[in-house]
Structures are given as C-alpha cells and as structure tokens.
Amino acid sequence: MTRRIAMGALMAGALALGAAHFMHADTAGEAFAQAAAPLPASFPPDPSTQEPAHRVTIEQVNAWESELSNWGRWGKDDERGSWNLVTPQKTLEAMRLVEDGVYVSLAHFASLQKAADNFNFGPTRHYMSNVDPRTGAVRGALDNVEYGIHDGTNSHLDALCHYALPRDGKAVIFNGHPQNLDRKGCKLSAIDRMGPGIITRGILVDLPLLKGVPYLEPGTPIYPEDLEAWEKFSGIKIGSGDAVFIRVGRWARREARGPWNAAREAAGLHASVVPWLKQRDIALLGSDAVNDVQPSGIVGQGEAAARPVHTLAIAVLGVPLVDNGYFEDAAREAAARKRWEFLTTVQLTRLEGGTASNFNALAVF
C-alpha cells in the first residue's frame, strides 16, 4: 500500500491529533514512525462524502498524484512551486484593487492558554529574558517566545518540504526532490528558500455567509459546487496566481462555544476540490481551520486518507497551505463593501530549514 508521509513541526516535534503527520528520523532515509491517533468512531465522516457524486477512494487520491502533478513545470530545481504564478503583472493588477486604504490582519498568533485546540507541539511561553537572578526583577525590555509553529491556534504557512510522498523507499517532496532533513530542518524547499513572500490578489470565500449560518459545524465538507456557488454569489472567478482563503467560521464557533480539537474535527475542503484548484491554478490556499475536512471521508486505507488536500496541494501541486488563518475581520470588511477580493501581502519568517513560517499577511481593501 502506498504510504504518505508528512513531516511535523520543526520547533517542537511532530504530533498532530487525528492528522497524517509522522515523526521524522534524524537523517533522511531512516524509518518513519506514525504519530497520529485514529479518530473515535463517535465522530464519523459527513454522510455526503459517501454519496456517489462525492465519493473519493484512496486509489483515486493515488492516481491524482500523477494526473495533477506540477513537478518540473517551473524547472527541475524549482523550490517555490505555485508562487511562480505571482508575476509582476499579477502584483500590479492586485494593487489596483485597493480603493479605501483599509487593511486588516489575516493572522492569529499561538494562544498562551492551554486548550483542546492548542499546545499540540508543546507549550507556548512568553517570558522576559533579562532578569536579575538574585531578586527576580526584570532588568530590561527583552523577551523570549517559545511555541510550536504548527500549533493548532497559530496561523502558519506550510513550506513545500512539509509533506512528502514515498518513491522507491525514500521520502520525496514537491518536484521530486528528496525530503532531506535532520534536526536542523529541511535542506530543500524549506521556508527560507521560497523568497520574501508574495503580493497578489486575495479572495475570501466566506462559506458561512453563503449558507446563512454563523459558522460551519465540524465535519462539514466543502465541494467544488460550493466554491462555484460562492463565485456566483460574489461575482468573482478564482484564477491563476490568486491567494484563496476559505472561511469556515472556526474562530466564530470557538468564541461562541469554546475550543475543541479542531485538528481532528473540522469543516474544510473535500478531496474532490483538488482537481478544481489545479484547474484554477491558484498560488496559495488558506483556511481558518486545517484546510481538509476532518474526518476526510476518503474510502480505503492509507495515510493520505487523513489529509488528502494537504498531501496533494503541497507535494503534488506545489501550493503552500495556510492553516489556522484568522479571517473574521476580513469577512466583516468584505461584507460591508460586498467585495470579497483585495490586495494581500504575505511575508515570511525566513527560518533556515523551516517547515513553515508564521503567517504574516494583510488584506487591503
């Protein structure tokens, strides 16, 4: 059976509850050990994922690896993937979208409070580092922060080395490069090798607004027809080089009902959306949850069955993913204007060998 391998957080180990993440060995080519626990039977996939119109098997996911591949599209040495679609012309076109000069953040930082949806990779700590050892008094305005960059409450952008596929007994990332990594991180396609970031057209896909609800319930799948219904509603067609942000209302639900294990039970994209995204040729995909609907509803066994959108987008299409984005402010500003496209600026924390960056982005209306 084909195996799917996803590397975990560089900063704090590799454990994702209910996801297809694996702990990597110290050197490439060594054995990989599974770290994800199966979902409890009490939370099954949404029934619609088993209907003939939506049913996707693990064999279909495996076939899409070849059918949808962007390997070699931008040259055999490329480490930026779909970000090559953000051309200078695309950036200039996006800048013309600014009308009001109003901007909001699309990011959420890791919570300092331990809850069901965070501390996945160890605790988040903020402490002053210039402290008198005798008195405990703070001697200067210097501080340290420690957190897992893939934490469940931290908005982060996955690098192209984050997910891998097996080829001839080795882990292979986007473009057929080896997933060459050790305790210092990735040697290829790490976050520091993707450039300074991108400036492009951002599109907010506000599914709760479309469906007339404050948020989508965990486990709700999003299908291609939902994205097309949003295009019709908003009057915007998703296209080449766009950054697409899917709002499921995770933060609105958290505010109303409290935290839950959003890595294991989440509304999100169904695997059948990936060929649609390939056709639209997007540059960046983001969600306020984990992108994949959880549980995924994939029929059959195999690690790719857990998070097929992550596997196919990152390792096959070369599309970086944003998990845990914060789109509540953007949703408010967009709805007030009835305009869900905007200039977006995405900056990277260029951590050498990093599997991800904090997602530092603005939506400018």
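Close-up A. Ile-246 touches Val-205, Leu-207, Ile-222, Leu-227, Leu-269, Leu-285, Gly-286, Ser-287, Asp-288 and Phe-327, leaving aside residues up to four places away in sequence; contact means heavy atoms within 4.5 Å. The model is predicted, with local features requiring pLDDT of at least 70 and side-chain atom pairs pLDDT 80 or more, while totals for chains, interfaces and linings use all residues. Residues are numbered from 1 along each chain as its sequence is written, and side-chain values use heavy atoms, with hydrogens and water left out. The largest nonpolar core has 78 residues, among which Ile-246 and Leu-285 touch the most other members. Helix α7 (residues 308–317) gives the largest share of this core, seven residues. A nonpolar core is a set of buried Ala, Val, Leu, Ile, Met, Phe, Trp, Tyr and Cys residues joined through side-chain atoms within 4.5 Å. Buried denotes under 20% relative accessible area, exposed over 50%, and partly exposed the range in between (1.4 Å probe, protein chains only). Helices (H or I, at least four residues) and strands (E, at least two) are DSSP runs numbered from the N terminus.

**Close-up B. The aromatic pair of Phe-233 and Trp-340.** The structure holds nine aromatic pairs. Phe-233 and Trp-340 form a tilted one, at 5.5 Å centre to centre and 55 degrees between the planes. Rings of Phe, Tyr and Trp (its six-membered ring) pair if their centres lie within 6.5 Å; planes under 30 degrees apart count as stacked, over 60 as edge-to-face and the rest as tilted. The partners are 107 residues apart, with Phe-233 in helix α4 (residues 224–234) and Trp-340 in the loop between α8 (328–337) and β18 (341–347). Phe-233 is partly exposed, at a relative accessible area of 42%, whereas Trp-340 is buried, at 5%.

**Close-up C. The aromatic pair of Phe-342 and Phe-365.** The ring centres of Phe-342 and Phe-365 are 5.2 Å apart and the planes stand at 55 degrees, so the pair is tilted. Phe-342 belongs to strand β18 and Phe-365 to the segment after β20 (360–364), 23 residues apart. Phe-342 is buried, with a relative accessible area of 0%; Phe-365 is likewise buried, at 0%. Ring pairs join Phe-245, Phe-327, Phe-342, Phe-359 and Phe-365 into a cluster.

**Close-up D. Helix α5 and its arginines.** Arg-250, Trp-251, Ala-252 and Arg-253 are buried in helix α5 (residues 250–257). The buried residues of this helix pack against β14 (243–247) and α8. The charged end of Arg-250 sits over the ring of Trp-251, 4.0 Å from its centre, and Arg-253 lies over the face of Trp-260, 4.6 Å from the ring centre. A charge sits over a ring if NZ of Lys or CZ of Arg is within 6 Å of the ring centre and within 35 degrees of the ring normal. Just after α5, Gly-258 takes a positive phi of about 90 degrees.

**Close-up E. Gln-89 and Thr-200.** Gln-89 is found in helix α2 (residues 88–95) and counts as exposed, at 55% relative accessibility. The C-alpha atoms of Gln-89 and Thr-200 are separated by 9.5 Å, although these residues are 111 residues apart along the chain.
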